[in-house]
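Subject: Structure handover

Hello,

Here is the model I promised to pass on. My notes follow below it.

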Amino acid sequence: MTRSLLTSQLHAPSASRVVHRKIRVAYFINSLQDGGAERQLLQLLKCHDRNQFSFSLVLMDGQYADRAQGLVDDVFVMPIRPGGNSNWFPRGLDYANAIRRTAAYLRQSRPDIVHALLPGPSILGGIAAAFADIPLFIR
């Protein structure tokens with residue numbers, strides 16, 4: 001990780017001074033339904049320094065998104081239908097579409113860091129982050 005990413009320094013084009021901005025972090029997780037990783041993420045969001053970081057949240061299921069209210073600046077829900085393995089072909093198309101739309105969201109929001117928790121969000125988030133040219137992906 002480069003020093004400029006850690007300190008989040010931007011050089012002002014018309015001045016010789018350095019302008020500091022918040023580091024933008026996008027967290028990926030299945031949902032905010034009650035579970036261990038979900039509770040850990042909410043606790044982590046409560047403890048971060050809001051003067052140094054801004055947060056967005058990408059969920060595979062948005063049913064409990066209200067639990068992050070006041071902790072994140074933005075919530076994006078991947079467009080994935082619920083279902084099991086018996087519907088593998090339509091779900092495969094859903095995953096491809098979710099990756100495409102999530103990559104578009106990441107290109108628009110431009111996080112400095114994408115941090116994914118749990119296997120599904122790590123796979124889908126990693127592919128979307130690669131398509132969006134995000135500089136740092138943590139899984």
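What covers the buried residues of α2? The cover includes β3 and β4. Buried here means under 20% relative accessible area, exposed means over 50%, and partly exposed lies in between, with a 1.4 Å probe and protein chains only.

First, the ground rules. This is a predicted model, with residues numbered from 1 along each chain as its sequence is written; local features need pLDDT of at least 70, and side-chain atom pairs count only at pLDDT 80 or more.

Overall layout

The protein chain has 4 helices and 7 strands. Helices (H or I, at least four residues) and strands (E, at least two) are DSSP runs, numbered from the N terminus. Along the sequence the pattern reads α-β-β-β-α-β-β-α-β-α-β. Of the 139 residues in the protein chain, 40% are buried. Contact means heavy atoms within 4.5 Å. Among contacts in the protein chain with a separation of 6 or more, 54% link residues 24 or more positions apart.

The sheet

Five strands form an open sheet in the order β5-β4-β3-β6-β7, with parallel pairing. Two strands pair if DSSP finds at least two bridges between them. The edges are β5 (74-77) and β7 (136-138), and each pairs on one side only. Neighbouring strands are turned by 20 degrees against each other on average, direction ignored. For angles, axes are lines fitted to C-alpha atoms, for helices over the stretch in contact; values run from 0 to 180 degrees between N-to-C directions.

Helix α4 (residues 119-131) packs on this sheet and touches β3, β6 and β7. Its direction makes about 175 degrees with that of β7.

Strand β3 and its partners

On one pairing, 7 bridges join β3 to β4 (residues 53-59), and the two run parallel. Y27 has L57 as its bridge partner in β4. β3 also pairs with β6 (residues 113-116), again in the parallel sense, over 4 bridges. There, F28 has A116 as its bridge partner.

β6 carries on to β7 through 3 bridges, also parallel. I113 stands opposite L136 in β7.

Helix α2

β3, α2 (residues 36-47) and β4 make a right-handed β-α-β unit. Right-handed means that, with the strands pointing away from the viewer, the path from the first strand over the helix to the second runs clockwise.

α2 has 12 residues and reaches 17 Å from its first C-alpha to its last, close to the 16 Å expected at 1.5 Å a residue. That expected span is 1.5 Å times one less than the number of residues.

Which residues of α2 are buried? They are E38, L41, L42 and L45. Seen down the axis of α2, these residues fall within an arc of 95 degrees, so they line one face of the helix. The arc is that of the directions from the helix axis to the C-beta atoms. Q40, K46 and C47 are exposed on the other side of α2.

A buried aspartate

D94 sits in helix α3 (residues 88-109). Why does D94 count as buried? Its relative accessibility is 11%. Leaving aside neighbours within four places in sequence, D94 is in contact with P79, I80 and R81.

Best wishes

Notes:
Side-chain values use heavy atoms; hydrogens and water are left out.
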